[in-house]
Amino acid sequence: MAGVYISYPFCAQKCSYCNFASGVFPKELEPVYQQRLLDEIRTTQWMFTPETLYLGGGTPSLWSLPDLEAVLKMVPGAPWREATMEAAPGSLTAERVSAWQQLGINRVSLGVQSFVEREIRRSGRKHTAAIVASDLALLRQHGIDSINLDLISGLAEQTRESWEESLDHVLSLEVPHVSVYILEVDEDSRLGAEVLLNGKRYGARDIPSEDQQADFYERAVERLAKSGIERYEISNFARPGAESLHNLKYWKLEPYLGFGADAHSFDGQWRWQNVEEVKDYAFGAPPPARTLADVENEKYWVGLRLSEGVLAGNRFSDQISKLVGDGLLERQGDRIRLTSRGVLVSNEVFQEFLE
Ligand code: SF4
């Protein structure tokens, strides 16, 4: 079954660690973007009826309700089996949550990242642990119980104690799904670029070491598992049955269509990606080029992200034997999967499968 991803790239601030094509843009850009998005969806030949919908970006929880409704009305398949809204803590109101629920949104992913105020402020965010708790209460009052909380290991000033504090909050809120990301240091985020330049802005000198970040991640794996929230993908953890149906499509190589700036699509055979710059997208960049997917190959570096691993075929048998010998992959019957150590160096493992 297929999914739909729609990007709303507008945010109230640009967070220091964020490497997405999102941010604060001139107000006048938004109606142009909205029109372009409607045009893109309207002119799509739907070769399937989507069963999942994912609103990301960006901060789609800030989307004006009439504009959001206009977009969702054009997507076939409502009510979707799973329809997720990514939300910034503090952006929820009773009016918004009620409207989302009526539009078919039945899952919300809150980009919390940390419950510790000094880490939140250093990232450029404004919420508090109390705001997150009241957002959750509001969602539950409106019947939205399928909730994800995002955490990042590696924020400026994060310590073992503060990480435990964030995990305490996550566990006390009793959500069915948690995502734990390790800070990505690259030129696409202000913090990442500052770290690469050995600068000190955005707390670049106060981020935990890579070893500490890995320790924090492993501690999250351990504490979440003890509470029945098991890792099912490198960064994703859920109670049984609460896995994200939409995100599973990416790792299981099922088709999805993406709309909006930087959105990716895969129709089961071809892949394409919309232009990354929001302004270029809004003002009508030419259609993106398509590349033929090599699904047999991709399953190794996409599907291996899943805890259940993938069926090992004859391809890459030398690389697989070597990685098993190195303790980075393990065999389970005719499947292979990452070991705990392999998860921590997954990008290096995936390199072995790139042709
Ligand atoms: S982390 Fe989220 S809220 Fe912050 S800039 Fe990136 S997309 Fe926007």
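In which loop does S114 lie? S114 sits in the loop that links β4 (107–113) to α4 (117–123), where helices (H or I, at least four residues) and strands (E, at least two) are DSSP runs, numbered from the N terminus. The structure shown is a predicted model, in which local features need pLDDT of at least 70 and side-chain atom pairs count only at pLDDT 80 or more, while totals for chains, interfaces and linings use all residues. Residues are numbered from 1 along each chain as its sequence is written.

**View 1**
S114 counts as buried because 27 C-beta neighbours lie inside 10 Å; a residue is buried if 20 or more other C-beta atoms lie within 10 Å of its own, exposed if 12 or fewer, and partly exposed in between, with C-beta atoms placed from the backbone. Apart from neighbours within four places in sequence, S114 is in contact with E119, I120, L151, I152, L155 and S166, contact meaning that the C-beta atoms of two residues, placed from the backbone, lie within 7 Å. S64 belongs to the loop between β2 (52–57) and α2 (65–72), and S64 is exposed, because 12 other C-beta atoms lie within 10 Å.

**View 1. The strand β2 and its partners.**
In β2, 6 of the 6 residues are buried. T52, Y54 and G56 point one way from the strand, whereas L53, L55 and G57 point the other way. Strand β1 (residues 3–8) runs parallel to β2 and is joined to it by 6 bridges, and two strands are said to pair if DSSP finds at least two bridges between them. Within this pairing, G3 stands opposite T52 of β2. From β1 the chain crosses through helix α1 (residues 29–42) to β2, in a β-α-β crossover that is right-handed; this term applies if, with the strands pointing away from the viewer, the path from the first strand over the helix to the second runs clockwise. Strand β3 (residues 82–87) is also parallel to β2, with 4 bridges between them, and A83 in β3 is the bridge partner of L53. The chain passes from β2 through α2 to β3, and this β-α-β crossover is right-handed.

Which residues of helix α3 (residues 94–102) are buried? They are R96, V97 and W100, and they lie on the same side of α3 because they cover an arc of only 95° around the axis, the arc being that of the directions from the helix axis to the C-beta atoms. The buried residues of α3 pack against α2, β3 and α5 (129–141), while A94, E95 and Q102, on the other side of α3, are exposed. After α3 comes G104, whose phi is positive, near 105°.

**View 2. The surroundings of the ligand.**
Around the ligand stand C11, K14, C15, C18, F20, S22, G23, G57, G58, T59, A88 and G111, a residue being near a molecule if its C-beta atom, placed from the backbone, lies within 6 Å of it.

**View 3. An open sheet of 3 strands.**
The strands of this open sheet follow the order β13-β15-β14, and their pairing is antiparallel. β13 (310–311) and β14 (329–332) are the edge strands, each of which pairs on one side only. Between β14 and strand β15 (residues 335–338) there are 4 bridges, and L338 in β15 is the bridge partner of L329.
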